[in-house]
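The paragraphs after it go through their surroundings step by step.

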Amino acid sequence: MSTIQRLHARTILDSRGNPTVEVDCFLDNPSSGSGQVFGRAAVPSGASTGSHEALELRDGDKAVYGGKGVTKAVANVNGPIAKALKGIAVSDQRIVDDTLIDLDGTPSKSALGANALLGVSMAVCRARAAGEGVSLWRSLAKQFAVEGAGLLPVPLMNVLNGGKHADSGLSFQECMIVPTGFDRFADALRAGTETFHALHALLKKKGHVTAVGDEGGFAPRVKDAAEAFDLLLEAIHAAGYDGKIKLAIDAAASEFCEGGRYTVDGRSMTSAELTAFYIDLTKRYPIISIEDSHAEDDWDGFADLNQRTGSAVQIVGDDLYVTNVERMRTGLDRKATDAILIKLNQIGTVSETVDAIQLAQESGWRAITSHRSGETEDTFIAHLAAGLKTGQIKTGSLSRTDRVCKYNELLRIEEELGRDAKYIAPF
Ligand code: 2PG
Ligand code: MG
């Protein structure tokens with residue numbers, strides 16, 4: 001049986017030029033013949049973080065990387081975590097992750113840092129897959145007893161960036177396109193990409209800036225959300241995909257909520273007025289998904305919108321749930337949403353992330369595997385989406401390698417699956 005022989009963490013840079021944790025995991029794997037097997041993983045980082053997320057440990061020394069250094073998290077991996085995990089079998093990810101959780105001992109993973117724990121948890125998954133000689137997504141499916149394989153996720157592509165991710169002035173953080181009318185992931189990706197290029201040409205023609213924001217989407221100075229959606233529809237039309245590409249929003253509403261009031265594109269609203277605003281938008285545009293419509297503790301706002309949109313529009317909790325099953329249970333009781341955004345680093349281990357996915361699936365919710373706005377070249381989430389059959393993925397726009405590397409990995413997975421590959425839009 002393979003056991004952990006050595007863990008080694010280092011500081012690397014993320015897509016925003018901020019330090020983050022990368023972990024190498026070496027297994028002692030007598031069955032591999034060659035002796036040692038190795039897995040590597042890097043931890044992403046958010047900008048519009050939910051206040052209920054597990055703690056990302058930063059050094060805080062302003063003289064170094066503006067306080068964003070991760071040397072303490074790296075030292076925690078190379079010291080106490082490496083010591084505690086040495087010799088542990090990797091056949092059961094839950095045992096590895098429970099050991100990490102117990103060692104940290106805090107509900108928010110603030111002792112060792114969720115970034116330290118997650119880097120190890122993911123690197124162990126990769127090392128196990130290497131030991132098994134299979135793709136990571138297949139290994140994850142086996143490890144977490146997922147039946148049947150082959151579902152590629154529908155991508156929610158963030159081609160217009162606002163909020164905390166860009167200086168566009170747009171209150172909504174993400175205006176996304178969703179290629180629904182296709183039978184293969186590769187065709188959906190092509191359509192999304194052609195629309196992205198059509199949008200580029202359109203913005204240029206209209207005299208907008210075409211610089212991109214943190215997730216590779218454009219960040220034109222538009223006056224409001226309606227103008228953003230008009231641009232997207234025009235680009236979809238120009239690319240020839242009318243009706244085959246729908247729209248989605250991540251409002252990230254906690255970022256524009258203060259004292260219980262919401263300020264959207266210069267207009268101040270109550271929670272109920274904001275709900276009415278969304279309902280109006282869904283009548284005017286083909287919007288199939290709204291994420292973080294309300295602030296992270298405005299349960300009534302979410303529940304009201306979710307009830308009014310029914311199954312026509314999925315309401316997604318991101319900062320609301322922070323991939324935490326305890327908060328999900330509140331959401332289930334209150335019927336706050338019918339979907340959840342899944343982010344590994346909000347909770348801090350792979351097993352707990354899978355718990356959130358599986359609770360969503362058992363409860364009839366949809367699950368969307370997601371990147372963070374600060375990413376690396378790591379493609380773990382592409383494998384998580386395919387292995388756990390989440391059915392949807394959010395991994396940014398169609399530019400910048402930190403975003404497209406996940407799409408490229410999904411192309412490889414679809415190719416590996418061959419005739420078993422499925423692409424099914426649930427909208
Ligand atoms: C979000 C994410 C990813 P961040 O709000 O969904 O798009 O942003 O990583 O900044 O929290
Ligand atoms: Mg979000």
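In this predicted model, a polar side-chain atom of Glu 291 lies 3.1 Å from an oxygen atom of ligand 1. Asp 318 also places a polar side-chain atom by an oxygen atom of ligand 1, at 3.0 Å. With Ser 48 the contact comes from the backbone: one of its N or O atoms lies 2.9 Å from an oxygen atom of ligand 1. How much of the accessible area of ligand 1 does the protein cover? On its own, ligand 1 has 310 Å² of such area, and the protein covers 100% of it.

The next step is the space and the shell around this ligand. The space that ligand 1 takes up is the second largest cavity. There are 16 residues around ligand 1, and those that come nearest are Ala 47, Glu 174, Glu 215, Ser 373 and Lys 394. Sorted by type, the shell holds eight charged residues, six polar residues and two nonpolar residues.

Two residues already named, Glu 291 and Asp 318, return at the magnesium ion, ligand 2. Which protein residues are the donors of this ion? They are Asp 250 through OD, Glu 291 through OE and Asp 318 through OD, and they lie 2.0 to 2.2 Å from the magnesium ion. Along the chain, these donors follow the spacing D-x40-E-x26-D. Asp 250 and Glu 291 are 41 residues apart, and the pair links distant parts of the chain. Asp 250 belongs to strand S7, residues 245-250, while Glu 291 belongs to strand S11, residues 287-291.

Methods: Residues numbered from 1 in each chain as written. Chains lettered and ligands numbered in written order. Predicted model: local features only at pLDDT ≥ 70, side-chain atom pairs only at ≥ 80, totals over all residues. Heavy atoms only, no water. Near = heavy atom within 4 Å. Polar contact = N/O pair within 3.5 Å; in protein donor to acceptor, adjacent residues only side chain to side chain. Areas by Shrake-Rupley, 256 points an atom, 1.4 Å probe, with all protein chains shown as cover. 1 Å grid on protein atoms, 1.4 Å probe; cavity = no way out; pocket = protein on both sides within 12 Å on 5 of 7 lines; lining within 4 Å. Sits in = over half its atoms within 2 Å of the grid points. Nonpolar A, V, L, I, M, F, W, Y, C, P; charged D, E, K, R; others polar. Donors = N, O, S within 2.8 Å, 3.2 Å for Na, K, Ca; no water. Helix = DSSP H or I, 4+ residues; strand = E, 2+ residues; numbered from the N terminus.
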